[in-house]
Structure formats: structure tokens, C-alpha cells
Amino acid sequence: MQIVRVLGLEYTATGRDNVSKKRQEEQILDLFEPMADEGDPADRDLPTPAHSKTNSTSASASPAMLLESVAVHNLWAYDYAEVGFDDGITVIAGLNGSGKSSLLESIFFALYGSRAGPAMDRRLDDVLRIGQESGSVALKFRYGPHRYTAQMALRRRGDNVISDKESCLLMRDDDEKWIGVETAAQAIEELFGMNRDDFTNCVYIRQGEIDRLIRAGGEERRQMIDRLLRLEKLDQYVQRAKDGARRAVNRRLDVLTHLVIGFKREVDQLESTGFQKRLRDLEEQVKTKQSTQKSLDEKLVQAEAMQQSHNEQLKRVEEHVREIKERTAELAQKEKLTQQNEVRDQALSKELEELKKRYSELRTRLSKRLDELELPKEAVINSIELASVWEEVTQLSNEYAQAKTRQEELHSQLQEMQREGNLTHDKLIKKREELLRNLIKKRTQSENFVKELREMKSLIAEGKCPICRQPVKEDAFGSKLEEVEQAISKLKSEIAALAENQQNLDSQIESAKRKSDEDNHKLHEEIKTLDKRRALLEEAKDLTQSLFKVKEQGVEKRASKKSITDLLDGLRNEIGNLKSKLAELKTKLEKSGDLQGQSEKLQLVLKRLREERETLQSSVERLLHERGVIQNQIEHLAKLKEEQQKTEQEQEKIQQLHAELAQLTEFYDTLKKELRLQNIKALEHYFNEFFHAMDSGASYRGVQVNEDYEITVQLKDGSPIRPELLSGGERALINIALRSAIHQVLSHATNKMPLILDEPTIYLDRERVSRLQFLLEKLGERVGQVIVVSHEIGLVEGAHHEYRTEKRPDNTSRIYRVR
């Protein structure tokens, strides 16, 4: 019995049960391996990270896919929508055209991107919401031990809508990413083991396609179900065996035949050359040459020892010559340096004489300034001789500081005097201006009274009232005229007093100005005298500082002259020592004059010995090479015989495998039939279970599925009927049961996937809708999640989770959770 595991179940197929047959099959499979990469590209492994462990799951631990949420942004009619998925039955309900099915299509689009477009019969510009430049969908789900996020994004480019490559990706919770529509969709196909069409045939049953498997032709239906149940892998493998294995066996057999013929021909040629005798002659020649070479090597050792001794002596001579050159160069350098320093010494002596002359001139000028300042000349000059900075010459520095202080005091006094004089002058001016204003005011009043008096006298003379200008008696205003005249007289007295006060003020102003000018003149004279003395002190200070500078320069020059004198003494001593050392080295060099000739003769002897040795070494190497070639030929002959024997043995095995190939191909054909029967039994079992769960049992006994997946419905009396002859509701019943059975077989065998149904209740009556709800509950318990879009009240009320969709006034859709 041959045991094979397919879809997580063990199947058996009849075959020969012996070790040799198993070994022969393995050898044929080894021949098939180079052709594995030449198969259908869909069968190859997708490019995944090297450390990825998600893609290999054993049948004993089948991974389950659990949807967590889907978020839609600017796709279909949604500006934004997010739906969370939990275990059990989730129903999305709403009026037709409110966007229910778009949410299921969003799940499909998030997984397969633009590949999903043809299956949905939609273009990308139908998916992106009208008037929007970009949109996206993100699906979060768990598969096996990992969480994933599948994201697809669209954007407008001119009049077209394209996928936004950088935003289309599959992300895993360990930070692995697959970027790009094709890369992400290919990774999804590898992860689930199903392509876009498989997903719509098993997991996502779109609206109007529930009977797709029934409507398909026999061959199409057989290929679709075989691919879902993984049997197409055997078809591909057997096809490769039929098309390629025989060619591989024949090619290998031809190669081995040519190898055997070549081995025999080469062995015969090598055995006919007689190389054994030639090998013995070569070994005798090598032995003789090596003995002569040993004697020559001993002579070379002795000659090289003598050469080494001569070389050491010549090396010492070369060192003497080099040292003589270095000492000669050093002597010339030191003599040159001595001459340079002697010139510098003479220049310093001249500079010192000039500094002395400059110092004497400065002292003479300073003595004159001290006489002008009436300061003790001898004491000041003596203090300068002892001091090093200006502040230490106390008599001059104190006098300078006092003059500066007195000058600042006089300037402050002058400023204060000017300020007080200006204040006094300003007060008198203000007082005079006030007096002038009063004087002008009084004069104006007096003129007004005089004018008024003349007018009154004129009106009275005319016999009129000076106020109302009415006729009156002449003596009626006598007293009034007297009052005006008295007021005028009083104003004149006040004006005379004010004029006298003005004259007094003008005198005071003039007197104050004269006094201020006299005081300012005295201060200016004193300041002028002090400025002159200050200038003399400034000059004396400059002369004193110049004396300090000249004295400091003299100290520096004398120190430099002393350093140069010491340096010259040292250089003269070193020059004497160098001359003595040079005389000693020249004496040693004269004693080694014959050494170079002896060394040249010894080099000629060494050259001759080395040439003889090289000739002898070349002869030995040539003999050794010939011996090696012959030894290699002997070894090659032995290997050829061994390879010939192995090739003949392999040739016999390949001939046996050629005969077994037909039996192995027949074995896999039988295996595929048995596997299909096993699948059909499992499929028929679940098909009938789900069919009876939805059917009342009054009309039908059950369903049968043959090996070509053709479905026959059995009536109660046992007579068969084809599904396409049934009513719409009965066909819908069969299609739902078939799709659920395929989903159940796949979930049991490889991986558990959610079941997604879009409007599955079309053509079902109320009773069967109720039974469909019962079926969905059973499936939910087995696979974990069932997601349904429906407007049937029974399904909605019986669901564990309910969402509602509706249209907004702006024609966009919204979804909200009811429970």
C-alpha cells in the first residue's frame, strides 16, 4: 500500500510493496527535480522573506483566518466607513443601492487589488468615489499566529485611475512588508493557497454567482473543484512525468553510453604507452642529479659565508664614508653659522653704541624740561636711573597727577561759574520780560482810557449820553469824567514806576555780565598757565618713558650679545672637535683600500656557482615533472577504470528505471482517482448534510456527486433528476449546499476561512430562509465567522451582529452598528 497525505487526510493507493521498487521511484523522482522549476509559474514559491514561517503549516495544525475589521476611505459611495468583525454570524442589511455589497467587495479588493477587478466586473474608476483624487481600503485579519493588514489604494492620474504602488501593501505584525499590488496579491495567494477565482468559488460567494458551479460545463467544474481541493497538483506532477521524465532518462542513458565508450578508448591508449620502464629510468637520473646538487650546495654555503664577511666589512667602510660626508657637511654648516653670528655680534655692538647716544640725548632734553618746571633735576634723573616704570619716578608722577587734578578742578569751577552766571542772567531776563509785559499792558490800558475820555468829552459836548448816545444835560457826567481822568493819572504813575524798574534791571544785568566776564577771564588765565605746565609735564613724561624704553632695549641687546658670544665660543669648540674626528675617519678609510677588489673576485665565484646550481636545478625539476606526469597518468588510469565501472553500473540502473517509469506514471494516475473518490465522499457527505438541513425532506431523498463532480438529485421515489431542471428556489438550495460543502471540506483539510455570502436568499421561500439561518449557524460554529449581506428579516434577526447601511442626502453611503 502506498500512503499519501492530501488536504490533511491520508489516502491509500495500490502499489508494489518492496524496497527495490521504492528506491527506483526515488531515483526517477531525482531525475524529475531539475524539471520542477520548468513547471507552471503559479506552482512556484512566491518571493517571501528568508525568515518567514507563515507559509508552511501542517495538516495537524491548520491555520484559521479571522477577519477583524475593514476600513474604506473614498471608495464606492463611502467617504469613510469602518466595520468590525467578530465570531459568529454578522449580517449587513439595508435598502437596495445603499452600499451593502460594496463592503464585501472592499474585503475582496483589499486582498487582491486590481486583480479583483475582472472578478467583480468593475473598472478601477468605478471603485474610486466620484470626484475624489485618491481612496483606500485596509483589511485587518488574523491568520495562524500572526496579524496582518492588507491595504490597497487608488489615485487619479489624468483621466485614468491607477493603483498607488507605495500604498498597496501587506503588513505582518513582525514588521515584514510586501509592497506593490502584484507582490502583495501574490503573497496573499501563497498565504491562503488560493488565487482570486478560488477565493470567489469557496470563501466569497458574490451576488448572482451562487449557481456558478452548477452552470459551469463539466470540464470547467471539474477543474475548478480539483483546484480548490488541491488535486491539480497531482495532474501537473503526472503531466511533467509523462512529458519530461522519459526524455530525461533517455538523455541520461545516452550520456552514460558515450562515457563508457570514451573510458574504454582512453584506458587502451594509456596501457599501450609502456610508461612503467620510463618511470624507473627517470628515478635513477633524479637520484644522480640530486647528489651532484648537494655537493654544489656545500660550496655555495662556504662562498656565501665569505661573501657575508666581506659585505660586513664593506658596510663598515660605507659607514665611514657616509660619516665623513656628514661630518664635512656639519663642519661647513657650523663655520657658516659662526660667520653669521660674528656679523650679528658686530651689528649688536653698533646698536648698543647708538642706544647709548640716544639715552644721552634724551637725558639732556629732560634736564631742560625739569629746569623749566623748576623741579630738582639731579634727584629726578637719579630716580629714573633706579626705576623701570613711570610710576616709580615719584616726583614727576606726583607733579603730573597734581597738575592734572588742578586742571580738572579749574575746568569744573569754570563750568560751575558759567552755570551760575547763566542761571542769574536767565532769572533777570525773565524778570525784565515780565516787567515789559506789565508795562505794555499798563500803556495799552492808559491809551484805551485816553481814547474813551476823548469820545466821552466829544459826546457830552454834543449833549449826548456817552453810553446810550441820547440827548442829556451837559453836567450830567461830570463825576464820570473825573473818575476816568483819575484812572488815567494812576496808570501814568504806575507806567513811570515800571519804566524806572526796567532801567534798574538793565543795570543789574549789565553788572552781572561784567562780573561773570571778569571771573571767567581770571579762570581762563589760570587754566592757560596750568595747560602750559601740563604740556611740559607731558613732554617730560614722554621723555622719561623713552628713556625707559631705550634702557630696556639696551638690556635686551646686551643679553643678545652675551648669548651670541656664548654661542660663538661653543661653535668654535665644536669646529675643532669635528676637524679632529674627520682626520681620524680618513685614516681608517685609507687602511681598507684592498677590500673592494677582494669582494668583486668573490662575487664572480658566487655567480659561477649559482649558475651551475640553477642549471642543475632546472634539470632536476624537468626530470621530476616528467616523473609526476607519468605518475599522474598511472593514477588517471586507475581512476578511469573505476569511473568506467561506476558508469556501467549506473547505465544498468538507468535501463531498469526506464522500464519502471511507465509503472510509476500508472501508479500516480491510480492515486489521483482514489484521492478524487475520497474527496467526493467527503464532499457528498457534507453536501447531503447541508442539503437536508435546508430541505424539509418531503420531496427529495438526497444528492449524489460522481467522479466528474456531476450532481444528481434523488427524488423521494429514488428517481434521479438534473439540478438545472429544478425550480429557481430548488437550484438555489442545491448551490448553497454545494458551496457550503466545498467550504467545509477545504476548512477541515487545509485552513479555516470565513464564509462570505452576498444575498444568498434569492429564490428561497420563507421556510428555507429559516433553514438557511440554521445552516449558517452550524457553519459559524465550525469555521468561526460567517458574513452575510441580506435584507431578509429572518437572517437579520437571527444574526449575532447586525450592521445597517443607508444613503445620505448627498448620495454617499453610511454604515452603523445596530448590535
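The legends below describe close-up views of a predicted model.

**View 1**
Strand 16 spans residues 785-789. Five of its five residues are buried. Both faces are covered, with Gln785, Ile787 and Val789 on one side and Val786 and Val788 on the other. Strand 5 (residues 88-94) pairs with strand 16 in the parallel sense, over five bridges. In this pairing Thr90 stands opposite Ile787. Strand 15 (residues 755-758) also pairs with strand 16 in the parallel sense, over four bridges. Here Leu755 stands opposite Val786. From strand 15 the chain passes through helix 16 (residues 766-783) to reach strand 16, a β-α-β crossover that is right-handed.

Helix 11 covers residues 377-386. Its buried residues are Val380, Ile381 and Ile384. The face turned away from the buried side carries Glu378 and Leu386, which are exposed.

Most residues other than glycine have a negative phi. Asn74 has a positive value, near 60 degrees. This residue lies in strand 3 (residues 65-75). Its relative accessibility is 7%, so Asn74 counts as buried. Trp76 also has a positive phi, near 55 degrees. Trp76 sits in the loop between strand 3 and strand 4 (78-84). With 8% relative accessibility, Trp76 counts as buried.

**View 1. The hairpin of strands 7 and 8.**
Strand 7 (residues 146-157) and strand 8 (residues 160-163) pair in the antiparallel sense over four bridges. Arg157 stands opposite Asn160 in strand 8. Two residues lie between the strands of this hairpin. Gly158, in the turn, has a positive phi of about 70 degrees.

**View 2. Asp164 and Arg155.**
The side chains of Asp164 and Arg155 form a salt bridge, 3.8 Å from N to O. Asp164 is partly exposed, with a relative accessible area of 23%. Arg155 is partly exposed at 32% relative accessibility.

**View 3. The nonpolar cores.**
The largest nonpolar core has 95 residues. Leu111, Phe141, Phe192 and Phe687 touch the most other members. Helix 15 (residues 728-749) supplies the largest share of this core, ten residues. Among the residues that Phe687 touches are Val703, Val705, Ile711 and Ile734. Others include Ala737, Leu738 and Ala741. A second, separate core holds 28 residues, including Tyr359, Leu373, Leu414 and Ile527.

The structure holds 25 salt bridges. One of them joins the side chains of Glu326 and Arg322, at 2.8 Å from N to O. Both residues lie in helix 10 (residues 275-372), four residues apart, about one turn of the helix. Glu326 is partly exposed at 44% relative accessibility, and Arg322 is partly exposed at 45%. In another salt bridge, the side chains of Glu416 and Arg419 meet at 2.3 Å from N to O. Glu416 and Arg419 are three residues apart in helix 12 (residues 394-461), so about one helical turn separates them. An α-helix has 3.6 residues a turn, so residues three or four places apart point the same way. Glu416 is partly exposed, with a relative accessible area of 31%. Arg419 is partly exposed too, with 42%.

**View 4. A salt-bridge network.**
Arg123, Asp125 and Asp126 are linked through salt bridges in a network.

Methods. Residues are numbered from 1 along each chain as its sequence is written. This is a predicted model: local features need pLDDT of at least 70, side-chain atom pairs count only at pLDDT 80 or more; totals for chains, interfaces and linings use all residues. Side-chain values use heavy atoms; hydrogens and water are left out. Buried means under 20% relative accessible area, exposed over 50%, partly exposed in between (1.4 Å probe, protein chains only). Two strands pair if DSSP finds at least two bridges between them. A crossover is right-handed if, with the strands pointing away from the viewer, the path from the first strand over the helix to the second runs clockwise. A nonpolar core is a set of buried Ala, Val, Leu, Ile, Met, Phe, Trp, Tyr and Cys residues joined through side-chain atoms within 4.5 Å. Contact means heavy atoms within 4.5 Å. A salt bridge is a side-chain nitrogen of Lys or Arg within 4 Å of a carboxyl oxygen of Asp or Glu.
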